[in-house]
Amino acid sequence: MTDAADGLGEAFDSLRAGRLLTILTGAGISAESGLPTFRGEDGLWEGHHAEELATPEAFARDPVKVWRFYEWRRGLVLAATPNAGHRAVARLQHALPRVAVVTQNVDGLHQEAGSTDVVELHGSIRRVRCTREGTVRPALGAAFSELPPRCPGCGAVLRPDVVWFGEPLPEAAWRRAVEAARQSALLLVVGTSALVTPAAGLVVIAARAGAFVVEVNPDETEATPLAHRVLRAPAAKVLPRIADLAERAPG
Ligand code: APR
């Protein structure tokens, strides 16, 4: 692999001068925290793909099964800690004047690593939402005693505060993400297969608006043809090198 920093120096000068860096992340950045990706080899739960369970239809049909799937994932998330990739994203946010962190992940590990203002495109597994009132609350720090859990306010069934296939993204988060993509001088696309829209469309928006696109992913993805630089390595290896570059004094 060429050095992560190669050829990025000029781009970083413009970032130091106040241009926007956007970091778009997916499940791959949390792989090294022990969380399975969706489309990787360990992405199945009891033989099911996420696409079969993460839908409003699946929840209407069998809320307990869908909740069991989310409680499994939430258990993994609660036991996980941020890795060097998440920490490097937080370092970049501190080192540069304008950085937008946009994630498809629902695990909250960017925030745990110290990132602020994270745009959560797909919600958070650490919150629950009442299916009747729409009220959002933090989920318990432990497993629910009964599934499906019930709203303490009205007794209706709670759901995870995440976006399921076929549902619209939270409007404010999507607006902020599109705005960031449009304004970016540099877009880092980290650990996403870029298969799921509309999130994957952010890469197209940024590239069309003139951003320099850098992909960080051990494998080829749908975003690869749009990337100006491709860093074929795990995020926890590459991102700390990029954060070093941002922290280095200019010149
Ligand atoms: N570092 C960087 N990338 C990695 C690593 C790593 N250590 N390990 C795996 N990857 C890459 C894989 O090569 C793959 O391209 O992470 C990507 C994970 O892809 P997906 O499993 O498809 O996850 P993601 O792109 O986040 O999925 C998008 O789909 O299921 C829905 O809502 C869910 O937010 C999710 C969305």
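Author: Val128 stands opposite Arg137 in S5. The model is a predicted one, in which local features need pLDDT of at least 70 and side-chain atom pairs count only at pLDDT 80 or more, while totals for chains, interfaces and linings use all residues. Residues are numbered from 1 along each chain as its sequence is written, and side-chain values use heavy atoms, leaving out hydrogens and water.

Strand S4 (residues 123–130) pairs with S5 in the antiparallel sense over three bridges; two strands count as paired if DSSP finds at least two bridges between them. Strands (E, at least two residues) and helices (H or I, at least four) are DSSP runs numbered from the N terminus. These two strands belong to an open antiparallel sheet of three, ordered S5-S4-S6. Strand S5 (136–138) and strand S6 (158–162) are its edges, each pairing on one side only. From one strand to the next the twist averages 45°. H5 packs on this sheet and touches S4 and S6, its direction making about 135° with that of S4. Contact here means heavy atoms within 4.5 Å; axes are lines fitted to C-alpha atoms, for helices over the stretch in contact, with angles from 0 to 180 degrees between N-to-C directions.

A pocket is an open set of points on a 1 Å grid over the protein atoms alone, with protein on both sides within 12 Å along at least five of seven lines; a cavity is a set where a 1.4 Å probe fits but cannot get out, and lining residues have an atom within 4 Å of a point. Grid points are joined across faces, edges and corners, and a volume is the space filled by probe spheres set on the points.

The largest pocket has a volume of about 840 Å³. Among its 42 lining residues, Ala27, Phe38, Arg39, Gly191 and Ser193 are closest to the centre. H5 gives the most to this lining, with three residues. By class the lining has 22 nonpolar, 14 polar and six charged residues; Ala, Val, Leu, Ile, Met, Phe, Trp, Tyr, Cys and Pro count as nonpolar, Asp, Glu, Lys and Arg as charged, and the others, Gly among them, as polar.

The whole structure holds two cavities of 30 Å³ or more. About 210 Å³ of space lies in the largest cavity, where H5 again gives the most to the lining, with five residues. Of the 17 residues around the largest cavity, Ala27, Leu35, Pro36, Phe38 and Arg73 lie nearest its centre.

The second largest cavity, of about 30 Å³, is lined by Thr22, Leu24, Val102, Ala177, Ala181, Leu187 and Leu202. Strand S1 (residues 20–25) is joined to strand S2 (residues 99–103) by five bridges, the two running parallel, and the partner of Leu24 in S2 is Val102. Both strands sit in a second open sheet, of six parallel strands in the order S3-S2-S1-S7-S8-S9. As for H8 (residues 171–183), its axis comes within 7 Å of that of H9 (residues 201–208), crossing at roughly 35°. Ala177 and Ala181 of H8 and Leu202 of H9 are among the residues making that contact, which divide into seven nonpolar, no polar and one charged.
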